[in-house]
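Please brief me on this protein model. Keep it short and grouped by topic.

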Amino acid sequence: MALLSDLGTEIVIPVCAVVGIIFSLVQWYFVSRVRVSAERGGDGVAKNGKNGYGDYLIEEEEGMNDQNVVAKCAEIQNAISEGATSFLFTEYQYVGIFMVAFAILIFLFLGSVEGFSTSDRPCTYDKEKLCKSALATAIFSTVSFLLGAITSVLSGFLGMKIATYANARTTLEARKGVGKAFIVAFRSGAVMGFLLAANGLLVLYITINLFKIYYGDDWEGLFEAITGYGLGGSSMALFGRVGGGIYTKAADVGADLVGKVERNIPEDDPRNPAVIADNVGDNVGDIAGMGSDLFGSYAESSCAALVVASISSFGMTHDFTGMCYPLLISSMGILVCLITTLFATDFFEIKAVKEIEPALKKQLIISTILMTVGIAIVTWTCLPSSFTIFNFGVQKDVKNWQLFLCVCVGLWAGLIIGFVTEYYTSNAYSPVQDVADSCRTGAATNVIFGLALGYKSVIIPIFAIAISIFVSFTFAAMYGIAVAALGMLSTIATGLAIDAYGPISDNAGGIAEMAGMSHRIRERTDALDAAGNTTAAIGKGFAIGSAALVSLALFGAFVSRAGIVSVDVLTPKVFIGLI
């Protein structure tokens, strides 16, 4: 038996989610203490008791008491916020129509399996028992689909709100030094990361418990209905990612063409109206889109793991703690990321520009190391020493240490992907320097070289993903792959914090330029932004790496649930599908 009782599980998961939400609100409070209104800039600082006089002198020198600058920053921030909000509202109108149409489709397809009959049917794997009707599955799947979609949309929207709230504050803090600005940008990234991870977990957990009231002992049907949650999350991510992404690039290229190429004025120049659109793009594409995207992967890997577990020994013996193993990993992830975030904001202070990238890199390392310990604790307290996992028609015996390794393989593969991405995209290493060097001979060599480098950069991540798939499948079949994907996404709060930090710093630089701040402040925001570009790439690496594992896990869950033993590639239909 597991050490953690079912009651313990029922308390631990929601408590961890609530802790995550409270932590993000605390971070938001810290960010909101930076004033973007016409008060005298020095008040907040002088009260800190840290050499108030010294700070005051710096303010005079940096023009900190210049009310015009603060007012200008506030004005630009409002413009960006308004633009981002109106874009997302327009997008969500279309998404809303799609959501309703798709929900009706799900209901019709799933309901018509038994001709909309309301009578119970024998279970797929245990013919003696009766499971709930197909109509019930259809109704509940549709509900969970809508819940997943709404949670996904909400995650993206809240992320965008906090980012547009923090960008001018980062600019204003940059007057006091690069460390202060970094903390504001990072804290606001953390708000988004923790809100998304905690909301996703809490909504999924509450949904499972509410559905359980109706389904009772029919866990097979219960967790089949829950899969709609993941589908909802990722179908919204499609709109957020693609819609936001196209807008971002169009605005960025448009602003550059009209400014740099036609008029020969610098980037983010206030005379170029397209600059606002460019800054809006960063928020809707890189923050709202990325948030929805990672939420989709997160929800789907949880759902895939739950489906396979429901037809394994956890589901057969109604072991609720074992069943919730994927959710417990996510809960532990929230606590681990909470400690990790404190390392960046409270334990170590950043003094110089060169400390920014190492600080963000440390976030990845610290969260991975702590999470490894966390997974060990969860595995040994929540799982029996051996259990069976469904594997293509047979039950495979699995030990708890094997499952621990499955999750760890995914977690460490994520770290490797993050590091390789950082190496290829950071200006501190040779690849980026070589690309810059190739510009000497013109744009053509630059494009070719950059593209070649992009192709080269995926070799190690592909091997990392391949090895994690092989190891996790060998140990725990399709369930292993699903929890490996969850392992990669277990530190999602930290991953999103460093990812959202990028666009916020980018916006801060744009605001500094448009508000006509001094050259020195622009240098500081540029330093933050340079690190931000790298972290945004790391975030994308995580999203794509986990998506590869998740897609396989989902396929595995489908195959397990549908009772398919093999797929023949030589059948023309399958081959056509592959092409």
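The briefing below covers confidence, fold, packing and surface.

This is a predicted model, in which local features need pLDDT of at least 70, side-chain atom pairs count only at pLDDT 80 or more, and totals for chains, interfaces and linings use all residues. Residues are numbered from 1 along each chain as its sequence is written, and side-chain values use heavy atoms, without hydrogens or water.

**Confidence**
- The protein averages a pLDDT of 86 (the predictor's confidence in each residue, from 0 to 100).
- A score of at least 70 is reached by 94% of the residues.
- Over residues 40-61, pLDDT stays under 50.
- Where pLDDT is low, the predicted coordinates should not be read in detail.

**Fold and dimensions**
- The protein has 19 helices and 4 strands (DSSP runs: H or I of at least four residues for helices, E of at least two for strands, numbered from the N terminus).
- The C-alpha trace spans about 80 × 55 × 45 Å along its principal axes.

**Packing**
- Of the 579 residues, 55% count as buried (under 20% relative accessible area, with a 1.4 Å probe and protein chains only).
- Among contacts (heavy atoms within 4.5 Å) between residues at least 6 apart in sequence, 81% join residues at least 24 apart.

**Surface**

How values were computed:
Buried means under 20% relative accessible area, exposed over 50%, partly exposed in between (1.4 Å probe, protein chains only).
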